[in-house]
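I opened the model and kept notes as I went. Surface first, then strands, then charged pairs.

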Amino acid sequence: MSIVMKMKNDYILTQEIEQGERITDSGLIIPEEKYNRIALVIEASNNLEVKKGDKIVKTIGKGTEYTFDGNKFEILHINHILAVIEED
């Protein structure tokens, strides 16, 4: 059985991209949850500027967390996207 989520209005379904811990030049360890703002768009409504597969920079703590089959997702309003990452 497969499940399809169709996002309504101005909402997108995202999944965070793992980045690991960061260590500063002075040796401080910054846990991943303090800076992880990059996510992959899994699904978006048709009328948005982002599309499935885009990498985005998002706000932290503004979406609704959703877990399915052990995978964590976040549903965000389009206003919580800070930027779309374009790679060459």
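I started with the surface: the protein chain exposes about 6,700 Å², and carbon and sulfur atoms supply 48% of that area. Accessible areas come from the Shrake-Rupley method with a 1.4 Å probe, and for residues only the protein chains shown count as cover.

I noted the ground rules. This is a predicted model, where local features need pLDDT of at least 70, side-chain atom pairs count only at pLDDT 80 or more, and totals for chains, interfaces and linings use all residues. Residues are numbered from 1 along each chain as its sequence is written, and side-chain values use heavy atoms, with hydrogens and water left out.

Entry: I checked burial next. Buried residues make up 23% of the 88 residues in the protein chain. The classes are buried (under 20% relative accessible area), exposed (over 50%) and partly exposed (in between), with a 1.4 Å probe and protein chains only. I then looked at contacts, meaning heavy atoms within 4.5 Å. Among those between residues at least 6 apart in sequence, 54% join residues at least 24 apart.

**Entry: strands.** I counted zero helices and eight strands in the protein chain. Helices (H or I, at least four residues) and strands (E, at least two) are DSSP runs, numbered from the N terminus. Which strands form the open sheet, and in what order? I found six, in the order E6-E7-E1-E4-E5-E8, with antiparallel pairing. E6 and strand E8 (81-85) are the edge strands, each pairing on one side only. From one strand to the next, the twist averages 40°. Axes are lines fitted to C-alpha atoms, for helices over the stretch in contact, and angles run from 0 to 180 degrees between N-to-C directions.

I looked at one pairing inside the sheet. Strand E1 (residues 11-16) and strand E4 (residues 38-44) are antiparallel and share five bridges. Two strands pair if DSSP finds at least two bridges between them. Leu 13 has Glu 43 in E4 as its bridge partner.

**Entry: a loop residue.** I picked Asn 47, in the loop between E4 and strand E5 (55-58). Asn 47 counts as exposed because its relative accessibility is 60%. Leaving out residues up to four places away in sequence, Asn 47 touches Asn 9 and Asp 10. I also took the C-alpha separation of Asn 47 and Lys 8: 9.9 Å, for residues 39 apart along the chain.

**Entry: nonpolar patch.** I found Ile 3, Tyr 66 and Phe 68 making a nonpolar surface patch of about 250 Å². Patches are made of residues with over 30% relative accessible area and no salt bridge; like charges are joined within 9 Å, nonpolar side chains (Val, Leu, Ile, Met, Phe, Trp, Tyr) within 5 Å. Phe 68 sits in strand E6 (residues 64-68). Its 32% relative accessibility is why Phe 68 counts as partly exposed.

**Entry: salt bridges.** I searched the whole structure and got four salt bridges. Each is a side-chain nitrogen of Lys or Arg within 4 Å of a carboxyl oxygen of Asp or Glu. Glu 16 meets Lys 58 at 3.1 Å, N to O. That pair spans 42 residues, with Glu 16 in strand E1 and Lys 58 in strand E5. Glu 16 is partly exposed at 38%; Lys 58 is buried at 1%.

Glu 74 also bridges to Lys 58, with the closest N and O atoms 3.0 Å apart. Glu 74 lies in strand E7 (residues 71-77), 16 residues from Lys 58. Shared partners join Glu 16, Lys 58 and Glu 74 into one network.
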